[in-house]
Every structure is written in C-alpha cells, then in structure tokens.
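Hello, notebook! Today I went through a structure and looked up a few spots in its backbone and its helices.

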Amino acid sequence: MSEAQPPPPPKGHSDRHARTRRYFGERALETLAVSRVLVVGAGAVGNEIVKHLGMVGLGAIALVDPDVVVESNLNRCVLFRPEHARAKTPKPAAIAETAGQLGWPTRVETYARPIEEVPHEAWREIDLTICGVDDDHARHYLNMHLLGFAHETGYSRFLIEGAMGADFTQMRTCELPGTACLVCNWTPEYLAGVMERRRQQTCLEFFVEARAAFPSISTQTSWVAAQMASEAIKLLVGLPTYRSTGTWPAGDDNRLRPHLGVVLRSETPQHDVQRATAMRNPRCVEPFCREPLSTH
Ligand SMILES: [Zn+2]
C-alpha cells in the first residue's frame, strides 16, 4: 500500500520570489534582476550583503577583497566553509562558490585584490557601491573615485557604508555629491596621516596586519548588514525613477524611500539605536565633494 501523497503547495508557494514580489512589487524584482552592485570588502559584512542581495534576486555583484579565508572568520561569515579556511581560498571566490550552491540568480564576479588595484571593468555600469572595509585608505580611494565618476558623467553616485567596533555597528547612505561624503569629517592632517601610513605599508615586502582584531560575533554584523541591504534595495529599485524625474518613487508606505545622509548606529551593550544626519562639510578635504555637480 502506498503512502498518502502530501497535498500540493498553495498557490504561489512554489515561487521563490512570491513573498518578495508581494513586498516590493513586480517592477522592483525586474529592476533588481538587471542591477549590478560593487561590494568592497568580503568580510563579515560582505558575506551578509551578498546573502541578502542574492535572496532578493539581484543581477550581479562585483566583489572586491584581497584577503583569504582564515579559521577565525567562521564565527560570523555565513558563506565561508571550513574547507575555504584550510585551502586559504580568496574571500571573494569562497563567497561566489557558496552563493552558487545556494541557487541564487546573482552572478558574483570576483576581484581578489585591493580596491585601488581593480581593473576598469569592475567599475563599469555600477548602480550602487557598498563599502564594508576597515581601511581608511581604501575608504578615501573609493570616495574619491565615485565623486570623480559623478563629475565626469553628471550623475551623482550612491554608496552605503558599514562600520563597526567592539561595542557598536553603524551604517549610512550617501549620495556623492549631495550628502556628506565618507571623508567630510576628516582634517587635512588626518588625511595626510592615512596617506603616509599607506606609503609605509606598501614599502614593506610583506604586509603585516598591525591592528588587533576587535571582539565580534555574527549578531552584530547581521544587524548592520541587514540595514545596509535594506537601503541598497530601495536605492536600486528607485534609481530609474530618480534618474528620470529627480524624485524617489512615492508610495503608500516608505518601503521604497531611501534615507540619504542618515547615519544609523547601534550600541550593542546598551541595546540602543540612534539615528542622525551626517553634515556635509563645505571645506571637505576631498575637492570633488566641495564642487556642485554640473549636468551635461
Ligand atoms: Zn566630503
């Protein structure tokens, strides 16, 4: 006697994107499927960003990181496997491999090198950049490059940055130029120090990580990366409307309205979240930030 067959799933339950479609709408899914995001940093935040954007069906991610997977990454990097650590797999390749196994439609392009050394093709047709690095030289380079592109093309560029320490995580959404940029609060002396440290590092035959790693568990990175990915989806979905009309899509709710210039900071031990707007500095150390965008 054969066992009873389970009932067929209710209508819509056999569609991977059914609930996403109900949340954002069909047009949003179509836009996400043809969008491309540059993700700089394939550490804990980069892992979570790829996870979220892969699950909503993003078209492509260009993933940049010069590091390889090590055993101590495994407490918070959801797409790394013990075999990646044993084989010292480059972080972007490890993420691409696992993402492929999970069946997401996203094409993950890998660049196992610092952002300062990625080829021109990585920058092509980028709709949004996500920065998850803890290196001020890379942060400065990325900021300068995106502002330069904006002035070259007459279109502002969008960037979402995540940062964290032992007891906090923080993220912000930037329009470059428009909102405060990543270096608006730097002094000329601080910038000179960043450049000098980099010069000293590149003189070394082998780069040695000088900073002690701060304590961190996956709950912190998951929280901040979820806020970042949420803003990323809104920006990507609304960008075609913004480019053609100058305004973000209006709706009955705020699911598609990005929070440009807003800094969201979570103090983990205090169970506290603060929200503030970063002030643009008219005397920013980055000249491209000070110049208004001239449209062609
Ligand atoms: Zn600035």
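**Loops and helices**

I found proline 177 in the loop between strand E6 (168-176) and helix H8 (188-203); helices (H or I, at least four residues) and strands (E, at least two) are DSSP runs, numbered from the N terminus. Residues are numbered from 1 along each chain as its sequence is written. This is a predicted model, where local features need pLDDT of at least 70, side-chain atom pairs count only at pLDDT 80 or more, and totals for chains, interfaces and linings use all residues.

I checked the peptide bond from leucine 176 to proline 177, and it is cis, with omega near -10°.

Next I looked at glutamate 125, in the loop between helix H6 (120-123) and strand E4 (128-131). Glutamate 125 is not a glycine, yet its phi is positive, about 50°. I noted that most residues other than glycine have a negative phi, and most peptide bonds are trans.

Then I turned to helix H2 (residues 26-33), whose buried residues are Ala28, Thr31 and Leu32. They cover an arc of only 100° around the axis, so they sit on the same side of H2; the arc is that of the directions from the helix axis to the C-beta atoms. The face of H2 turned away from its buried side carries the exposed Glu26 and Glu30. (A residue is buried if 20 or more other C-beta atoms lie within 10 Å of its own, exposed if 12 or fewer, and partly exposed in between; C-beta atoms are placed from the backbone.)

Last, I saw that glutamate 125 counts as exposed, because it has 11 C-beta neighbours inside 10 Å.
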